[in-house]
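User: I would like to learn how to read helix packing and a ligand shell in a model. Please take me through one case.

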Amino acid sequence: MTHPTTQSGESDLIQVPLSALEHYAYCPRQCGLILLEDAFTDDAATVRGTLLHQRVDTPGNRGRGNVRTLHALPVWHDGYGLTGICDTVELHSDGRILPVEHKSGRYHPGGPADVQAAAQAICLEEMFHRPVPEAAIYSAADRRRHPLAITDTLRTQVLELADAVRNLHTTHQLPPPAADSRCRRCSMATGCMPRLLAGTRRYRQALTDLYHLDDLQDTDA
Ligand code: SF4
């Protein structure tokens, strides 16, 4: 996966927000709706998430014991074309740097939050010139921190997702709907109409019935 650079040596890549990686990992169409159609919608879960983030989105720098905690830290990686904001970054006196991503919902190992936290770690490595082999996801649902190893597999996944998001920007093609269990937890479901667009038999029938006047005419007769 090589990426182009300009003559000055700067990256020529479309910048990909770290949040877009998470959206794409959850559902490519969700990412497309947000990036291409500016269609982000809130639901109870996203409002909960926003309220949670208000606590960590105020830029700041707090020290406690052997740890200095940075909040709402802007990060980027020019070479990979990544940019975003870390909820919380802990700078430990032993040299460890730990990004902590805050989520309002339950933690799902191997899920989209892992990708976002790994991307933060990759950016922090670039900015602090130091390895960041671990991150953590804080889940408000169980009030626990879930440690995450930044493996090579996860690093590759981040870069592949970044390319996929860039491809969305270039082609302007909205990915097809997932139309599966993900849609039940998706705030975009109303505008996305996944099952209708996926053309499942039940919804095709419902659509046909909606524009059918025969029943009504039979009743009137
Ligand atoms: S409703 Fe389903 S298909 Fe549509 S964006 Fe959400 S998860 Fe993807």
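Analyst: What follows goes from the overall fold to helix packing and then to the ligand.

Analyst: This is a predicted model, in which local features need pLDDT of at least 70 and side-chain atom pairs count only at pLDDT 80 or more, while totals for chains, interfaces and linings use all residues. Residue numbers start from 1 along each chain as its sequence is written.

User: How many helices and strands does the protein have?

Analyst: Helices (H or I, at least four residues) and strands (E, at least two) are DSSP runs, numbered from the N terminus. The protein has nine helices and seven strands.

User: What share of the residues is buried?

Analyst: A residue is buried if 20 or more other C-beta atoms, placed from the backbone, lie within 10 Å of its own. Of the 221 residues here, 29% count as buried.

User: How do I read the packing of α1 and α5?

Analyst: Axes are lines fitted to C-alpha atoms, for helices over the stretch in contact, and angles run from 0 to 180 degrees between N-to-C directions. Angles under 35 degrees count as roughly parallel, over 145 as roughly antiparallel, 65 to 115 as roughly perpendicular and the rest as oblique. Helix α1 (residues 18–26) and helix α5 (residues 152–171) meet at about 90°, their axes 9 Å apart, so α1 is roughly perpendicular to α5.

User: Which residues of α1 and α5 meet?

Analyst: Two residues are in contact if their C-beta atoms, placed from the backbone, lie within 7 Å. From α1 come A20, L21, Y24 and A25, and from α5 V158, L161, A162, A164 and V165. For residue classes, Ala, Val, Leu, Ile, Met, Phe, Trp, Tyr, Cys and Pro count as nonpolar, Asp, Glu, Lys and Arg as charged, and the others, Gly among them, as polar. The contact of α1 with α5 has nine nonpolar, no polar and no charged residues.

User: At what angle do α1 and α2 pack?

Analyst: The angle is about 135°, with the axes of α1 and α2 5 Å apart, and the two helices are therefore oblique to each other. In this contact, A20, H23, Y24 and Y26 of α1 face P28, Q30, C31, I34 and L35 of α2. Seven of the residues are nonpolar, two polar and none charged.

User: Which residues come nearest to the ligand?

Analyst: A residue is near a molecule if its C-beta atom, placed from the backbone, lies within 6 Å of it. Among the 14 residues around the ligand, C27, Q30, C183, C186 and C192 come nearest. The shell has eleven nonpolar, one polar and two charged residues. With three residues, α2 gives the most to the shell.

Methods:
A residue is buried if 20 or more other C-beta atoms lie within 10 Å of its own, exposed if 12 or fewer, and partly exposed in between; C-beta atoms are placed from the backbone.
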